[in-house]
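Subject: Structure handover

Hello,

The structure is below, followed by notes on what was found in it. Please read the notes with the coordinates open.

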Amino acid sequence: MRLHFGKRFLRGAVLAFGLAAPGLALAAESAAVTSPRVTATLLSSRDTVVPGERFKVALVQKLAPHWHTYWLNPGDSGEPTQIRWDLPAGATAGEIQWPAPKAIRVEPLVNFGFEGTVLLPLEITVPADAKPGENFALKAEATWLVCEKICIPEEGSFSLDLPIAAVSTVDQAAAARINAAIAALPKPAAFRGKLRDDAGKLVLDLPGLPAGVADLRFFPVSDTLIEHAADQPLTAGDKPFLTLTRSSAFKLEKPEVTGVLTFTETGSPRAVTIVADADAALMAAGGAAAPEARPAVVRIPMPAEGADLTLWAALAFAFAGGLILNLMPCVLPVLFIKALGFAQLAHRNRSEVREQGLLFLSGVLLTFMVLAGAVIALGALGSSVGWGFQLQSPPLVIGLAVVMVLIGLNLLGAFEIGTSVTGLGDGLASRGGRLGAFMTGVLAVVVATPCTAPFMGAAMGYAVTQPPVIALSVFMALALGFALPVVALSFAPGLLRLLPRTGRWMLVLKQAFAFPMFATAIWLIWVASVQSGPQGVLAALVAVLAAGFAVWLVGVTRGSFARRAFGSVLAALVVLGAGWFTVQNAIPGTATEARAGDIEAWSPERVAALQVQGKPVFVNFTAAWCITCIANERVALSRQEVKDAFARLGVVYLKADWTNRDSRIAKALAEQGRAGVPLYLFYPARKEAQAEILPQLLTVDGLIAAAERAAGRNAKTAALP
């Protein structure tokens, strides 16, 4: 009696201790891995196991409100939970048995995943030669992506030591939870479906579907089958079917399709797994190789940046970006010239001012369409190009520098050029300069491409992934936003009349506008020096000298036809000779590594190697001709606070310099949904972890916060042995 009472007392004491100390793990459940978003444990249905036994375990995720993790097919974005096992020799682990997912709408996307508490069960097999008296060590490394409005990758280490005994001991509470999760798994449907094409739509026939079902949704295992966010209308009747929207990356690898159907029947939720036979026509259409998948990227949305866009959102972003682009330093010098032209015309014919504005608009639209068409066409042919690609040509950079110098000299009155070549000189601002107004628009666009305004990166990244018609419409919106201020001013005579009448102030203003042109020329020559070294500077100076001499020569040989012909021919020879010299000396030599102090050259292999070493990685995709990039260098990247934070957190800084053409960098930009620089990526300090895309306009606080996220300082995720 005493012995029996003692055993009962001991069991009660143990139970009471467990209830009084909930933070301590029970034998059948691992210690918890916690973050503000997820509490995860490894749960076992057994307290002790026997050799050769197969038993159930489950990864349990308790999610904070409004957060979700992902199913096997995550839908439009995300990554499914993964478990990597470290088991004793001879032990095996089965695949995750996935619960039925739910459609989680994160506008404009639909993800497939789980909210609340989810158990992911699977089966473990104990080695047949396991010896009683020893421990069976379960060790697992799990990774998951948890999202609300932002996405955060998390991970945890789990371990359970289960004694090996002659008789298996079931943990009743744990087994009940796991068995309930298994009982709720989708069961095989009692019928087989058929997938067919109907006038471009996918139709899923469901011949055995019970009558009266509601809220039906199909979750395919393949992520290249349907558009996940599209509606799935059900046509009921004797032959019920779902109408699905074919994916833009549609591909069928097998003659049958698998997935999960969720629905309600008499008010109760149900889920079944279904197999559907694909008809021959669909196999023929979907058998081709699908487009290469892009690496997954965790996008942490900043204001109006980094979100996946609809067409209308992309058009709005492009228009806003074009409007803001007028304030960038690379554009202002050219717009000064147009402003000077309007000032000269302010008290003259109103229709002439409007004509100038419309001609400027025509130049902007045509140039944008030509450059955008080149990007799209070359991309379709497999060439790796992006926005601003023309400034990767040192001869063209030098040519633009020459144009800026000539415009500046003309504004100072060093020479006059007739209206036949008004695009280079006084005609840009003179009365009747129709070609000048048009060429001002052309020149403004050409020199604007080194700048990237807010909203532009996301819009152009969307454009280059779309069909040509949609892509051109986005670039058209960008052009209209860019041209709007000048066009609006030309149609606002009230504003123009506020300017004083033409007088000496106009001459002074005209001469003052020459200096922004010289500043732009200096910057372009510096870009050429970065691209081609000292030879590039020499080529630029020779080109400026030759152009000035040619213009002077044409001016001093005016008069008779013979003098004009002699001057023109000689000037042409000078220009051709200088052009040949420029091209020969401006071709870049062998590229050197972008290494400056603690900054290393970027490569995908280097990123992967550093992540394996457990180091956070910052990658700066930049170019010497990118004004936005240079501004970010000055405002944020070169600040001592950022350098100190990078050093403290062990961040490795890599630079991908796109000043000259580099197909690997162009490909990497495209993979991240960008058409040009700048692009800033922060890779967490974990093997194969996904990158966070930073805004295109950097701040010190934003950079330091991103570095802390990459280093795991804010994840608060325990990794337990």
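One aromatic cluster is formed by Phe 618, Phe 646, Tyr 653, Tyr 680 and Phe 682. Rings of Phe, Tyr and Trp (its six-membered ring) pair if their centres lie within 6.5 Å; planes under 30 degrees apart count as stacked, over 60 as edge-to-face and the rest as tilted. This is a predicted model, in which local features need pLDDT of at least 70 and side-chain atom pairs count only at pLDDT 80 or more, while totals for chains, interfaces and linings use all residues. Residues are numbered from 1 along each chain as its sequence is written, and side-chain values use heavy atoms, with hydrogens and water left out.

The structure holds 13 aromatic pairs. In one of them, the ring centres of Phe 112 and Phe 219 are 4.8 Å apart and the planes stand at 80°, so the pair is edge-to-face. The pair links distant parts of the chain, as Phe 112 is in strand β9 (residues 109-114) and Phe 219 is in strand β17 (residues 214-220), 107 residues apart. Helices (H or I, at least four residues) and strands (E, at least two) are DSSP runs, numbered from the N terminus. Both Phe 112 and Phe 219 are buried. Buried means under 20% relative accessible area, exposed over 50%, and partly exposed in between (1.4 Å probe, protein chains only).

Phe 219 also has a charged neighbour: Arg 217 lies over the face of its ring, at 5.9 Å from the ring centre. The charged end of Arg 37 sits over the ring of Trp 67, 5.9 Å from its centre. The criterion is NZ of Lys or CZ of Arg within 6 Å of the ring centre and within 35 degrees of the ring normal.

Next, the strands. In strand β4 (residues 54-63), 7 of the 10 residues are buried, so β4 is largely enclosed by the rest of the structure. β4 pairs in the antiparallel sense with strand β2 (residues 38-44) over 7 bridges, and Leu 43 stands opposite Ala 58 in β4. β4 also pairs in the antiparallel sense with strand β10 (residues 117-125), over 9 bridges; here Gln 61 stands opposite Val 118 in β10. Two strands pair if DSSP finds at least two bridges between them.

An open sheet of 5 strands runs in the order β22-β24-β23-β25-β26, with mixed pairing. β22 (599-601) and β26 (692-693) stand at the edges with a single partner strand each, so one side of each has no neighbour in the sheet. Strand β25 (residues 679-683) and β26 pair in the antiparallel sense over 2 bridges, and the bridge partner of Leu 681 is Ile 693 in β26.

Leu 610 lies in helix α16 (residues 604-612) and counts as buried, at 0% relative accessibility. Leu 610 and Pro 684 are 74 residues apart in sequence and 10.0 Å apart in space, C-alpha to C-alpha.

The elements giving two or more residues to the patch are α4 (311-325) and α10 (468-490), and α10 has the largest share, 3 residues. Leu 323, in helix α4, is partly exposed, with a relative accessible area of 35%.

Regards
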